[in-house]
Structure formats: structure tokens, C-alpha cells
Amino acid sequence: MDYRLRPATLADEPILRDLIARSIRELGADDYTPAQIEAALLGAFGVDTALIRDQTYFVIESEAGEIVGCGGWSKRKTLFGSDTRESRDDSYLDPAVDAARVRAFFIDSRHARRGLGRMLLDRCETEAAHAGFTEFALMATLPGKRLYEVCGYVGDQPLEHPLPGGLSITFVPMTKRR
């Protein structure tokens, strides 16, 4: 199957919300409980429209035009989370000293393990490098961690991110130098 990568638009937002929820519910089921996933969808996972407005968020479309993947990079300080996440910092990073943020990669489970995550990551790293960044940082989900390790990212100690309802979810901060 052929896939096409393009910049996301604000009109894609409802489809992206659905894709993100389906992706983490299906691909994250071996690593997280249903309660953790639903709580994380209230802010830790979701659409960050700042990335779309910055034109640094991308979608992958199937031959039929269905959006089957999304992900991006950011020149802003927020490391992860949707528009509804409380602790956001939309100030700009300095490429001379800061790492570009790799953000919000989600793939439709029916299209997983076909190189789509790597396709997105290559595009993001290339664009961030063109913007002057030589280092990349991300907050990996447990299922996403496997992709990032294969692509040269090094993980730090896993951390527990607090979620609504007294829950928490395990993430792994990761970095890579170009």
C-alpha cells in the first residue's frame, strides 16, 4: 500500500482526535490499563493545535485518503500533551541550546508496523534540523519507546505522570543528537 505524508490542517482535528484515541486504546492495551488510557486521553494524549498552526504536525494518508497516522515536532517548550493539558509552555525554544520536541505520534493499528512511524520521524528530524536543531527530545509512551530506540533515541529513567482520578501513567523521556 502506498502512503502520503502531508501537513495536518485544523480541519483534520476531529479525525485526529479519533485516530489518537483508537491508536492508544489498541496499541497501548498491552502496556496500559483501560482506565489509564481513558484518563490520559483527557490531556496527556490528544491534539495540540499549536503544532498544526506552526505547520510542524503531519498526517499520513492511505491510498484511499484515510488518515492512518499522525505526528510532529515542535519549536516550542511543551514536551507533550494536548491543548487541554494544564502545564503548557508555548514559548519558543532556542535551537542553539534546546532540543526540538518530537510530539504526538499515533498510528492506526491496522497500519502499524509498516514503517509509518519511521516515515514521520524522518520528516520531523529533517525539518527540525533545517530549523537549526541538533538535538531532539520526546516523552515516549511504552509502546512508542520501541520505535524510538530503534531510531537511535536513548531513554532516561521512566517516570510516572499523574492523571485525573488519582491514576498515573508511565512515560520514558528520550533524547537523540543528530
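Me: What makes a stretch of this predicted model count as a helix?

Reply: A helix is a DSSP run of H or I with at least four residues, numbered from the N terminus. Gly-117 lies in one such run, helix 4.

Me: Why is Gly-117 called buried?

Reply: Buried means under 20% relative accessible area. Gly-117 has 13% relative accessibility, so this residue counts as buried.

Me: Which residues does Gly-117 contact, leaving aside neighbours within four places in sequence?

Reply: Phe-105, Ile-107 and Leu-147 are in contact with Gly-117. As for Phe-58, 59 residues away along the chain, its C-alpha atom is separated from that of Gly-117 by 11 Å.

Me: How do you know that the span of helix 4 agrees with its number of residues?

Reply: The expected span is 1.5 Å times one less than the number of residues. For the 15 residues of helix 4 that gives 21 Å, and the end C-alpha atoms are 21 Å apart, so the two agree.

Me: Why are the buried residues of helix 4 said to line one face?

Reply: The buried residues are Leu-116, Gly-117, Leu-120, Leu-121, Cys-124, Glu-125 and Ala-128. Viewed down the helix axis, they fall within an arc of 160 degrees, and therefore line one face of helix 4.

Me: What does helix 4 give to the largest nonpolar core?

Reply: That core has 25 residues, with Val-102, Tyr-148 and Tyr-153 making the most contacts inside it. Helix 4 gives the most to it, five residues. Val-102 touches Leu-121, Tyr-148 and Tyr-153, among others.

Methods. Residues numbered from 1 in each chain as written. Predicted model: local features only at pLDDT ≥ 70, side-chain atom pairs only at ≥ 80, totals over all residues. Heavy atoms only, no water. Core = buried A, V, L, I, M, F, W, Y, C linked by side-chain atoms within 4.5 Å. Buried < 20%, exposed > 50% of the residue type's maximum accessible area, 1.4 Å probe, protein only. Helix = DSSP H or I, 4+ residues; strand = E, 2+ residues; numbered from the N terminus. Contact = heavy atoms within 4.5 Å. Arc of directions from axis to C-beta.
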